[in-house]
Amino acid sequence: MISREPTIERLATARGLLLEPFGLDETHLARALAEITAHKVDDADLYFQYTRSEGWSLEEGIVKTGSFSIDQGVGVRAVSGEKTAFAYSDDISEASLLDAARTVRSISSAAQSARAKVPAQKVASSRSLYPALDPITTLDSTAKVQLLEKAEQLARKKDPRVKQVMAGLASEWDVVMVARADGTLAADVRPLVRLSVTVIAEENGRREVGSGGGGGRFGLAYFDDARIEEYVSDAVKAALTNLDSRPAPAGEMTVVLGPGWPGILLHEAIGHGLEGDFNRKGSSAFSGRVGERVAAKGVTVLDDGTIADRRGSLNVDDEGNPSQRNVLIEDGILRGYIQDALNARLMRVAPTGNGRRESYAHIPMPRMTNTYMLGGDKSPDEIVASIKKGLYATNFGGGQVDITSGKFVFSASEAFWVENGKIQYPVKGATIVGNGPDALTRVTMIGNDMSLDSGVGTCGKEGQSVPVGVGQPTLRIDGLTVGGTA
């Protein structure tokens, strides 16, 4: 449910960390915004942020790194037409705030001699999707190290071929506050944790890697014994599977993608192409195609920042707008794009709660949150059994996409060769090559096993990284090109 009550509570936390220690209050924010809007601009905002982060890593049973950092600052932005002026400072003071405001207001060539009227302040509506707790404080240092040691010991007990184990634990507490030129005040308090396990297995001189892990917006108690066992099992299974892998065949073939994390292909090949900035500029393969069929029937793709506790979820985005559940493609028809405030204004549509930035030192842009495809009516076994000859890819490593052409290349970190509906053997070195919009039209079977990833995704765009989620059911796509080594 969206209401103003949670924002009021979070604003109190934000004031205590970001304003009061520096002798600031909302009147100083209004004064800075008035400095900017004294010149003709279309939009302006102040983005305050306080971040505490901690990381631990274990290798060979030894704590290799233990880090703790605090970062805080303010970003000041003015927007005029398509132009953005931006300044930031790690000095939160009235003087630096006003300096930054005077710097960015120069984006407008038309100075106004009349004084600008300051709008009345209004508290933004927001959601309550995760607790406001500081996850760093939910376990002491000894318990954090013991958690990593437990993961290592479990991995080594799984199989004598496991020769090396690396485990990492990351925690972050992020408090943000947004003041907009229209008087809107918003705040969020964001916990984020992640546990990762990587193992190296060796047999007959051959070494292979496997990984597992997950996390989300909650405390470290989430990583109980059952969860650690799950991540370790995933990592060991992947490494041992790859020990038995053979070179991947190459050519055009049927490809079946597993559920969950393989949705990273959907994120890269389709999701980025649906971001508002690329479509406003006409540089996306999906530009100007709202209302058209862009995918096979049954294909429904969402970007949803409202799923409780998820890594990609937000109570409000980094422009103070509440997150939303956005249907991007519905039964194969393109319904809309992912929007921040600037691109939404220029495209004459409403923002979708997807204005995101890496930190106070970065400008916001339209970015995904949790992007996934809805499930269908086929069982995963039925889909695999339908393959005459082809690839069954259950996990992916890296990939890249060209937004303009829609072409993508992905490397499968875990995949199997299938003949006559039977899994034959694991393969190594398979890369999947295709065109995002074209691949969507080649979806022929959609599984009933839709799942989200375990909470490990990070998305990069124009040098900025933000946490995201992906997901999908088992999918059959016909006629994809597989690059192999066989």
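Let's start at Ile-432: setting aside neighbours within four places in sequence, this residue is in contact with Val-255, Leu-257, Leu-391, Ala-393, Phe-396, Phe-408, Val-409, Phe-410, Leu-480 and Thr-481. Keep in mind as you look around that this is a predicted model. Ile-432 belongs to the largest nonpolar core, which has 44 residues. Along with Val-299, Ile-329, Leu-391, Phe-396 and Leu-440, Ile-432 is among those that touch the most other members of that core. A second, separate core holds 34 residues, including Ala-14, Ala-78, Met-177 and Leu-185.

Ala-14 brings us to helix H1, where the buried residues are Pro-6, Thr-7, Arg-10, Leu-11, Ala-14, Leu-18 and Leu-19. They pack against helix H2, along with strands E1, E4, E5 and E6. H1 runs over residues 5–19, and its end C-alpha atoms are 20 Å apart, in agreement with the 21 Å that its 15 residues should span at 1.5 Å a residue.

Now follow strand E5, residues 162–180, to Arg-180. Is Arg-180 buried or exposed? Arg-180 counts as buried because its relative accessibility is 9%, under the 20% cut-off. Beyond residues up to four places away in sequence, Arg-180 touches Leu-33, Asp-43, Ala-44, Asp-45, Arg-77, Glu-319 and Ala-341.

Finally, step back to the whole protein chain, with its ten helices and 25 strands. Its radius of gyration is 24 Å, close to the 23 Å from the globule rule for 486 residues, so the chain is as compact as a globular protein of that length. Of those 486 residues, 55% count as buried. Among contacts between residues at least 6 apart in sequence, 76% join residues at least 24 apart.

Methods. Residues numbered from 1 in each chain as written. Predicted model: local features only at pLDDT ≥ 70, side-chain atom pairs only at ≥ 80, totals over all residues. Heavy atoms only, no water. Helix = DSSP H or I, 4+ residues; strand = E, 2+ residues; numbered from the N terminus. Buried < 20%, exposed > 50% of the residue type's maximum accessible area, 1.4 Å probe, protein only. Contact = heavy atoms within 4.5 Å. Core = buried A, V, L, I, M, F, W, Y, C linked by side-chain atoms within 4.5 Å. Expected span 1.5 Å × (residues − 1). Rg over C-alpha atoms; globule rule 2.2 N^0.38 Å.
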